[in-house]
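Please have your viewer ready.

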Amino acid sequence: MTLDWTDLDSRAVDVARVLAVDAVEKVGNGHPGTPVSLAPLAHLLYQKVMKLDPTDDLWLGRDRFVLSVGHASLVQYVQLYMAGCDMELDDIKSLRTWGSKTPGHPEYHHTKFVECTTGPLGAGVSNAVGMAMAARKERGLFDPDAPAGESPFDRMIYCVAGDGCLQEGISSEASSLAATQKLGNLVLFYDDNRITIEGGTPIAFTEDVAARYAAYGWHVQHVDWTNGGTEYREDMDALQTAIDEARKVTDRPSFIRLTTIIGWPMPNKAGDESVHGSKIGAEEITALKAELGLPDEPFAFDTDIVEQTRANAAERGKTAREAWEEKFATWKKSNPERSELLERVRAHKLPEDLSLPVFSEEKMSTRKASGEVLSALAPQLPELWGGSADLAGSNNTTMKGEPSFLPTSRQTAGWRGNEYGRTIHFGIREHAMGGIVNGISVSGLTRPYGGTFLVFSDYMRGAVRLAAIMGTPSIFVWTHDSVGVGEDGPTHQPVEHLAALRAIPGLDVVRPADANETAVAWGEILRRKDNPSGLILSRQDIRNVERGEEFNSAEGVANGAYVLREASGDVQLILIATGSEVAVALDAQDRLEAQGISTRVVSMPCQEWFDAMDAEYRESVLPSEVTARVSVEAGVAMGWSTYVGGAGATVSIEHFGASASGAKCFEEFGFTGDHVAEVAQSVL
């Protein structure tokens, strides 16, 4: 389209620049350089390009904006203020202070119109890829037959990244997959300013980034505002043309390299690394404001400019919203069943008649049980989808008979599918998988999951932590959960991982003891919508507990911990176990009861769920007068003192594993009924 760039737009960009430097100067810290030099791009997106309704941050028809270079948060905050998106001048003045809408990095659920929490560099790129995948999946779920660009579920995702983002491995992982998936609804802007905290990028970053993205298979363009270093001119027409071209390319994601000078047009400090992460000082602010023709006072500008940009944004939003509402009404009338599904998933509800399988097999690994549960859920929950990091057969994350989510040109003999399929092939990209799952999750209309081995949760920990910070219900499936993995040895046998994951606030770590606990665990995870979950599953077969008079129902899993088998009399001893070690605890109970020691076995699949129960319930499971307690878990003991107390003991592994059969490892490391019984006797 022809760019209608007026004097008002130029003046608004200048106001955005001085707001950024004044806000950082006021608080005394922050990142002013990028918000100054990227103000024209941000203004263009918010005022000319994106579908945005300033009155509704949750409008389904909106485009998505992700600031991967999250430390430059003022790039976004100032534009939210200029567009009237629930942001006022006092909020800008309160940058990086307690309780403000403008924290140091954009935070999801904290500031309206912020689509995801960014800050750890490169993570936003993976989130944007997830959002683009979600947009395609949601279209397929609700409006698959609409002509291209005509569905109310069509939208664009715009992401801004910097040199730091593109040095991080997660952005490379995610960008590679985005090209494989042919995500034509994704546009990534690379702020090529050649500056990081330590100075010029030649000290550590010399590759041709655009060539790398071309090699991935992206549509690549270059807009050079430095004109090869000869002069600096913010060519808005060239930038708009690049965006228009990117939107025309529907079979590839688009990469726009925008070569800038950080901090331009600061008269003395533009291009200097000092403006990256520090206030620029009163003298340079005075010089910048003189350059721009603005008053040399903090936060002083012509308020008519903001009034007009707000009016323009409101009018654009109203027009876009009305056109969308017309499409949406037509869709709703023509798709009553899909409309009902949309209402249900938007309300984060499950079907009232949701049915979970009940297992009668003598033995089954919990990873296999999980796969059976997913297949049973497939027809009941069309919004549930996911896959694994190249471990589908090992993680059992594939719903039986469901097609792959991929362009038809990417099909193989073993994996058939289409662009609206259900099984995601993340490739061997654990960190990006986590970020992509988060991006899908915050889109809000589907429930995604991603799987790998528990030991490789280390590779994706940053994404898991961000899921917990955002409070988004991402589901992480981690199998091969202990030294029971066997012959693969220490590199593949998780030991410290359960404790490390439980250390993340807001993450539910769920380790079921058998197939039926696994089914109940899936149901409970799906019922919870305010935080992520990690489902920890076994490689080896585990004895299924025959529920009935002797063993209590697996429904107790929803409480986090429950009495699996009661003591024969007044409780003298409590064994607390998780996962495959619950069977070991039951064996130990048999031995102890035979010796006249009245022993209770508690299955504790999720400490976090148990801790959230009321005191009365917790006391009923772990009565305070019974101080003889032993925890049994094939991992480090860290964290178990909370439940066994000072008089209790733990059966744990305080070293790495070994390459041998899983059964041999359990025997050698003391995970037998005899050894647990011996430890239990020592605490009586």
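This is a predicted model: local features need pLDDT of at least 70, side-chain atom pairs count only at pLDDT 80 or more; totals for chains, interfaces and linings use all residues.

Residues are numbered from 1 along each chain as its sequence is written, and side-chain values use heavy atoms, with hydrogens and water left out.

**The chain**

| Property | Value |
|---|---|
| Secondary structure | 25 helices and 22 strands |
| C-alpha box along the principal axes | roughly 90 × 55 × 45 Å |
| Share of the 684 residues that is buried | 61% |

Helices (H or I, at least four residues) and strands (E, at least two) are DSSP runs, numbered from the N terminus. Buried means under 20% relative accessible area, exposed over 50%, and partly exposed in between (1.4 Å probe, protein chains only).

**Helix H11**

Helix H11 spans residues 282–292, and its buried residues are Glu 284, Ile 285, Leu 288, Lys 289 and Leu 292. They lie on the same side of H11 because they cover an arc of only 135° around the axis, taken from the directions from the helix axis to the C-beta atoms. Exposed Glu 283 and Ala 290 sit on the face turned away from that buried side. After H11 comes Gly 293, with a positive phi near 75°.

**His 31**

Look next at the loop between helix H1 (7–27) and helix H2 (33–37), where His 31 lies. His 31 is buried, at a relative accessible area of 18%. Leaving aside residues up to four places away in sequence, His 31 touches Val 24, His 71, Arg 96, His 276 and Gly 277 (contact means heavy atoms within 4.5 Å).
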